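I opened this structure to look things up one at a time and write down what I found. The entries follow in the order I made them.

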Amino acid sequence: MSSENGKRLPETDADGLNFEATELTLGLPGKSRVTPDGGAKLGSKRGFSETVDLRLGDNKDANKLGQSQIDAREAAKSPGSKAQVVGWPPVRGYAKRGKKSCKYVKVAVDGAPYLRKVDLEMYNTYQQLLTSLQDMFSRFTRNFLNEKRIEQVNGIEYATTCEDKDGDWMLVGDVPWQMFVESCKRIRLMKSTEAVGLAPRTPPKCSRTS
Amino acid sequence: MNYFPDEVLEHVFDFITSHKDRNSVSLVCKSWYKIEKYSRQRVFIGNCYSISPERLIARFPGLKSLTLKGKPHFADFNLVPDDWGGFLYPWIKAMARSRIGLEELRLKRMVVSDESLELLSKSFPNFKSLVLVSCEGFTTDGLAAVAANCRLLRELDLQENEVEDHRGHWLSCFPENCTSLVLLNFACLKGEINLASLERLVARSPNLKSLRLNRAVPFDTLQRLLMRAPQLVDLGTGSYVHDPYSEAYNKLKAAIQSCNSIRSLSGFLEVAPRCMSAVYPVCENLTFLNLSYAAGLQSIELTKLIQYCRKLQRLWILDCIGDKGLGVVASTCKELQELRVFPSDPFDAGNAAVTEEGLVLVSAGCPKLNSLLYFCQQMTNAALITVAKNCTNFIRFRLCILDPIKPDPVTNQPLDEGFGAIVRSCKGLKRLSLSGLLTDQVFYYIGMHAKQLEMLSIAFAGDSDKGMLYVLNGCKKLRKLEIRDCPFGDAALLEDMGKYETMRSLWMSSCEVTLGACKTLAKKMPSLNVEIINESEQTEFNLEDRQKVDKMYLYRTVVGHRKDAPEFVWLL
């Protein structure tokens with residue numbers, strides 16, 4: 001099956017999985033993967049794309065349905081059926097309900113040779129985010145800082161900062177979590193000595209936000 | 001027959017409020033027709049193209065309250081292109097010109113321009129109530145005109161509209177001497193709100209019973225609003241995010257506790273789960289709870305909340321509540337009549353958090369259940385049969401399995417028997433939406449048993465024309481039939497053309513119907529408008545009669561072809 005008009009079909013999802021190996025994937029176990037471009041999700045169970053398969057004439061799922069069902073479905077297909085089923089499921093305003101599309105932001109650590117990306121939608125609290133940042137960068141920071149392991153990423157050595165829509169850099173943790181998720185565009189772990197001019201703040205363990 | 005003077009008859013007719021009954025009254029004799037005609041105040045028009053504004057005004061010159069519906073229902077799911085139609089302006093223009101004393105206007109799926117809102121606001125000095133549901137085409141400038149000019153405004157109810165937001169000043173347009181507001185719902189607006197104006201408005205509206213805020217109204221404003229309006233019966237919060245250990249949060253808790261009248265709660269468009277305990281005090285008296293936009297709440301928080309809601313009659317919720325959570329609903333909400341479970345992940349068909357188990361639990365625990373909208377991952381025949389046994393009172397039963405042709409996962413059979421059980425058991429069923437793998441058999445059952453059915457929605461179902469024919473022949477009270485992606489064709493469409501005169505409308509898309517058949521139908525039935533929506537490059541002359549049409553919408557009308565159809569709509 002070829003990809004039509006850039007719509008996501010199963011084999012491109014396989015490519016997406018490879019790409020994701022180098023991306024941060026700190027989702028909850030078992031959670032289905034979001035495609036990096038934030039496009040429509042294709043669940044791993046493929047229930048939805050079974051419909052897509054059938055509509056495009058692929059019979060590999062024929063043994064799941066009776067042949068007459070397949071035939072009927074073939075007969076029902078209008079010519080030029082699209083790769084995605086428009087208007088299904090019949091939910092009005094589905095873009096407004098439920099989870100927003102993923103919110104990927106780049107994370108830079110001062111001195112690190114590469115960036116990582118995190119999906120802020122995967123977390124519910126600052127603590128979760130900071131823990132995973134710590135995990136992500138701890139190996140690196142250990143090497144960088146001559147084997148010294150950092151207890152808190154934004155404790156003594158590093159301050160976690162974020163850049164908002166207006167281009168201002170601020171220390172992370174001052175606003176309610178949801179507000180942070182919406183306004184944050186990039187994250188930077190900068191060395192505390194460089195975090196001049198940013199307001200002093202309480203350490204993350206005392207975070208007031210939910 | 002006329003032993004009473006007209007005024008007496010008119011007074012008697014005042015007690016007859018249902019549209020159907022008033023229609024019957026007008027058919028009795030000429031003088032009853034005349035009296036009813038001049039005393040009729042409320043008119044419902046289910047399809048704005050079935051009649052013209054001029055005819056309406058001539059027929060009911062005493063009109064005060066008008067309900068109008070525009071686009072077909074499937075427009076909600078992006079199946080109808082923009083600019084299809086359903087314009088409000090001609091109606092306002094005609095009513096203004098004829099000096100109709102309009103007081104109430106309810107619109108659904110109409111295109112409402114700022115010009116029409118401005119004209120409305122200036123033409124009807126007694127205008128009191130504006131309800132817009134799923135409409136589009138207007139901006140906050142139009143709302144500003146309504147706020148500024150409708151001196152007696154009681155209700156401004158904006159439900160799920162697409163509104164272009166020009167930022168916040170419309171609220172400031174309510175004059176300082178406007179104190180009549182009873183209902184204000186602007187939850188669907190996306191932009192900023194002038195919070196100070198909002199507070200002042202609420203402070204000077206002692207009759208305000210219903211207030212639904214948008215996302216831009218923060219937590220501390222909510223607290224101040226509740227202090228001003230402890231008499232509220234219906235509250236929709238905006239943003240509900242705050243630090244639960246703060247002073248502001250404690251103030252909100254206190255404010256909510258003084259709101260003894262709240263029976264309906266919604267909103268939580270942004271939500272901090274740990275703040276939900278503040279609303280527990282109102283839960284015990286709630287009859288309606290709408291958490292379908294509260295994506296930030298997990299199942300555990302939802303169930304904690306619901307455990308306090310013993311008097312709940314209507315619940316709208318996201319599927320992240322899960323089957324277990326629905327079990328809590330079943331054991332707590334014994335008065336439940338309506339349940340709507342929406343998908344939080346609509347495109348992830350394999351991952352919906354509720355299955356047939358949740359529905360069975362609710363049906364067992366809530367015997368008064370009569371209205372259902374349920375998006376789920378899967379359904380079984382056994383579950384539907386159990387539900388049918390437990391709840392015989394369904395009026396509305398809308399099931400949406402996210403994978404539209406999924407069979408019963410246990411038996412691998414179609415869901416014909418399950419839906420058959422529903423229609424057999426629920427003799428009062430008026431509205432039904434089907435999904436899952438279905439053959440002609442389910443339509444046989446529907447035609448045989450669903451004798452009160454008025455609206456049927458079908459997608460990806462059936463094997464042949466027989467399916468559609470069972471429905472058309474059996475469902476005597478059918479008013480609206482909407483079909484997509486089914487193998488129904490010309491034979492079914494043309495078998496009983498007179499049937500469509502007894503219905504409001506028929507929608508068929510991606511079926512087997514050809515252009516030729518549509519033309520035949522249009523020719524034989526002048527009382528119907530048969531419209532083809534054609535989004536391809538072809539013109540009417542290039543498309544051959546034997547080619548299938550992608551989208552057909554037909555409806556009965558007394559005014560013939562509409563004059564405002566766009567290029568892509570062919571009027572046959």
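Predicted model: local features only at pLDDT ≥ 70, side-chain atom pairs only at ≥ 80, totals over all residues.

**Entry: chain A as a whole**

I began with chain A and found five helices and five strands in it. Reading along the sequence, I wrote the order down as α-α-α-β-β-α-β-β-α-β. Chain A has 210 residues, and 43% of them are buried. I then looked up the contacts between residues at least 6 apart in sequence; 58% of these join residues at least 24 apart. For the accessible surface of chain A I noted about 11,100 Å², with 52% of that belonging to carbon and sulfur atoms.

**Entry: a cis bond in chain A**

Which peptide bond did I note as cis in chain A? I noted the one from A:Trp88 to A:Pro89, where omega is near 0 degrees. A:Pro89 sits in the loop between α3 (67-76) and β1 (104-109) of chain A. I wrote this down because most peptide bonds are trans.

**Entry: helix α18 of chain B**

I moved to chain B and looked up helix α18, residues 465-474. Its buried residues are B:Gly467, B:Met468, B:Leu469, B:Val471, B:Leu472 and B:Gly474.

**Entry: B:Lys499**

B:Leu472 came up again when I looked at B:Lys499, which touches B:Leu472, B:Cys475, B:Lys476 and B:Leu478, leaving out residues up to four places away in sequence. B:Lys499 is in the loop between α19 and β22 of chain B.

**Entry: helix α16 of chain B**

Helix α16 of chain B, residues 416-425, is mostly covered, with seven of its 10 residues buried. I listed these as B:Asp416, B:Gly418, B:Phe419, B:Gly420, B:Ala421, B:Ile422 and B:Val423. Their cover includes α15 (381-390), β18 (396-401), β19 (431-433) and α17 of chain B.

On the α8(B) side the contact is made by B:Leu195, B:Leu198, B:Glu199, B:Val202 and B:Ala203, and on the α9(B) side by B:Thr221, B:Arg224, B:Leu225 and B:Arg228. I sorted the residues of this contact into five nonpolar, one polar and three charged.

Next I took α9 (residues 219-228) with α10 (residues 247-257) of chain B; the axes come within 9 Å and cross at roughly 30 degrees. Angles under 35 degrees count as roughly parallel, so α9(B) is roughly parallel to α10(B). Here the crossing is left-handed. α9(B) contributes B:Phe219, B:Leu222, B:Gln223, B:Leu226 and B:Met227, while α10(B) contributes B:Ala248, B:Tyr249, B:Lys251, B:Leu252, B:Ala255 and B:Ile256. This contact divides into nine nonpolar residues, one polar and one charged.

**Entry: B:Lys64**

B:Lys64 lies in the loop between α4 (53-59) and β2 (65-69) of chain B. With a relative accessible area of 30%, B:Lys64 is partly exposed. Not counting residues up to four places away in sequence, B:Lys64 touches B:Gln41, B:Gly101, B:Leu102, B:Glu103 and B:Glu104. I also noted B:Leu105, 41 residues from B:Lys64 along the chain, with 8.6 Å between the C-alpha atoms.

**Entry: positive phi in chain B**

Most residues other than glycine have a negative phi. B:Ser134 is not a glycine, yet its phi is positive, about 50 degrees. B:Ser134 is in the loop between β4 (129-133) and β5 (136-139) of chain B, and at 11% relative accessibility B:Ser134 counts as buried. B:Glu160 also has a positive phi, about 55 degrees. I found B:Glu160 in the loop between β6 (155-159) and β7 (162-164) of chain B; at 23% relative accessibility B:Glu160 is partly exposed.

Terms used:
Residues numbered from 1 in each chain as written. Chains lettered and ligands numbered in written order. Heavy atoms only, no water. Axes fitted to C-alpha atoms, helices over the stretch in contact; angles between N-to-C directions. Helix = DSSP H or I, 4+ residues; strand = E, 2+ residues; numbered from the N terminus. Parallel < 35°, antiparallel > 145°, perpendicular 65-115°, else oblique. Left-handed = near helix turned anticlockwise from the far one by under 90°. Contact = heavy atoms within 4.5 Å. Nonpolar A, V, L, I, M, F, W, Y, C, P; charged D, E, K, R; others polar. Buried < 20%, exposed > 50% of the residue type's maximum accessible area, 1.4 Å probe, protein only. Areas by Shrake-Rupley, 256 points an atom, 1.4 Å probe, with all protein chains shown as cover.
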